Amino acid sequence: MSVTFLIRRLFYLVLTAIVVSMIVFGVTQVLPANAAQMILGEYATEEALAVLNARLGLDEPAVVQYWHWLSGALTGDFGTSLRTSQPVAPVIMEAFGRSALLAGFSLGLVVLISIPLGAVAALRRGRATDLAVSFVSYLGVSLPEFVLATLLLVWLAGPSVGLFPASGYISFLVDPLDALHHIALPVITLTIILTAHISRMVRSEMVDTLGSDFVRAARLRGLSRRRVIVNHALRNSLLPAITVIALDVGYLIGGVIVVEEVFSFPGLGRQLILAIQNRDLPMLQAGALVMAMTYAVANLLADLAYAALDKRIQFE
Amino acid sequence: MRKLFAILGALMRNPQGALGLVLFLLLLALVVLGPVLAPADPESFNYGARFAAPSLEFPLGTDWYGRDLLSRVMSGARSTVLLALLATGIGTVAGALIGVLSGYLGGGADEVVMRLNDAVMAIPGLLFALMIIAVLGSSSINAVIAIGIAQTPGMARVARSVTLQVRALDYVSAARARGEPTSWIVLAEILPNTIAPIIVEATIRVAFAVMTLATLSFLGLGAQPPSPEWGLMIAEARSHLFRSPWPIIVPGAAIALVAVTFNLLGDGLRDVLNPRSGGH
């Protein structure tokens, strides 16, 4: 991996950050009602609105406002929530931590489950195991998170079974076991959906690799089946899997938003929906920016991992 | 027209494609005739039969007002499926125009457009749609616009990569040598030859659009009550969560079935229109 590649990739990340921040900020500029109006309500006098507009800096040109917002965001100051009048940054950071926990658990489980599952399906291509895996993952790809989440809620958290709590969040610092119990249903939902996506991809990559010349060559050299599969086929199918998993972080973020809403999990997704419902702009901007940047960084890490692992690729 | 029949014939010989096509035709019939075929009035209350399990009278059970779930799901097909098709249509046309133009022009313009496109794609789809809804307000049609816009960059990327392949072909060079104007070359020479891969991509995206539309309605940001939109039906059922699973299972299965239909159709079309990509 060359230094120029690294620099170029970091440059793209900065470019992405700038464009994303412009889009996120642009949302405020086209919103029908302005923030002062929202704070003071519909019966506010013209003078009161003008005073508050000046105080919030809303009478300045959009470019200046953008610059204020961006320079604040860079120093970790995302302004004050219009709903609670509290600073946005601490709320977002706390919510981000919880969501990251949810996403991290799910992603870990997905990697552990979907890669072996996809590989086994590819090795038994066309047989019962493969058909079962393919059928279930087809179904999983076609099922929105909120449907699965609501069904799991009904079956596993209902009064008759009562295996898991239906909602809420307990900190791992307070009671790790209870925390695990509370986070279980959201994690199970996300894991099932993502496993469906990723095991399909792993299977398809593995089928391609198994049919490739170098795997045949390895077989003809008389290497054991195990060595051919693990050292040649699986290893080469894992590289594309890294990219797929990174791209699926986008789905994961969407899934997190939905699942947090269903299970009343106080994470970033819930804050975002709350902000949209209340037109709480500073909160909406901060939440959206943090989510989009998380995705951008995940993609960067995947690219770097890919470049580091694959000796064939020489990014100039 | 002959070509269309040839494609349909090939599709029927492909197992995924055939199943997808049959389901798609059934769905089309449901969209057109759903409210007529529905066995009962989707809005009429039956207080004597609240939370009923499936029976002869109510084939898929009833909800908390005793409304027939089969009839509700059938009349909701219109709002969910048609709007998802519309959303995908918006995203496909906008994305194809951007992608084909950028790919054809090439050079600096292409570089700038695609870098911007990549940056917009760095925003996860649902998040992007939510931000657009925050601007436009919550309604079905705004959800459709939001999904359409959110799908545009991905579509532009697909269209561009196909355009790059087509642009290198001899007949495009010939058109350029004849001195045809750029707009003519793009519309008459390049666009028609990128349509097959774009249709494949669009078909699979309808499945996403159906799921995203239902998700937005579920979050209260799309269709509003008393619409029988499927995502909204599930959202409303949450107030009666542990009384009966049917008001959740029925619309949930409908969403999944529609998504499966378009996934099958898209996979089948890909195999038929582009045999080299292999059907695994």
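## Two domains in chain A

Chain A splits into domain 1 (3-74) and domain 2 (91-310), with bounds from an automatic or database domain assignment. This is a predicted model, where local features need pLDDT of at least 70, side-chain atom pairs count only at pLDDT 80 or more, and totals for chains, interfaces and linings use all residues. Residues are numbered from 1 along each chain as its sequence is written, and chains are lettered from A in the order in which they are written.

The C-alpha centres of the two domains sit 33 Å apart. Where they touch, domain 1 of chain A puts in 14 residues and domain 2 of chain A 11 residues, contact being C-beta atoms, placed from the backbone, within 7 Å. On the domain 1 side, α1 (3-30) and α2 (35-40) of chain A each give two or more residues (helices are DSSP runs of H or I, at least four residues, numbered from the N terminus). The largest share of that side, 10 residues, is from α1(A).

## The largest nonpolar core

The largest nonpolar core counts 154 residues. Such a core is a set of buried Ala, Val, Leu, Ile, Met, Phe, Trp, Tyr and Cys residues joined through C-beta atoms within 7 Å; buried means 20 or more other C-beta atoms within 10 Å of a residue's own. Helix α8 (residues 182-218) of chain B supplies the largest share, 15 residues. Both domains of chain A contribute too, so the core lies between them.

A:Ala292 is among the residues with the most contacts inside this core. Beyond its neighbours within four places in sequence, A:Ala292 contacts A:Val20, B:Ala122, B:Ile123 and B:Leu127.

Technical notes:
Buried ≥ 20, exposed ≤ 12 C-beta atoms within 10 Å, placed from the backbone. Contact = placed C-beta atoms within 7 Å.
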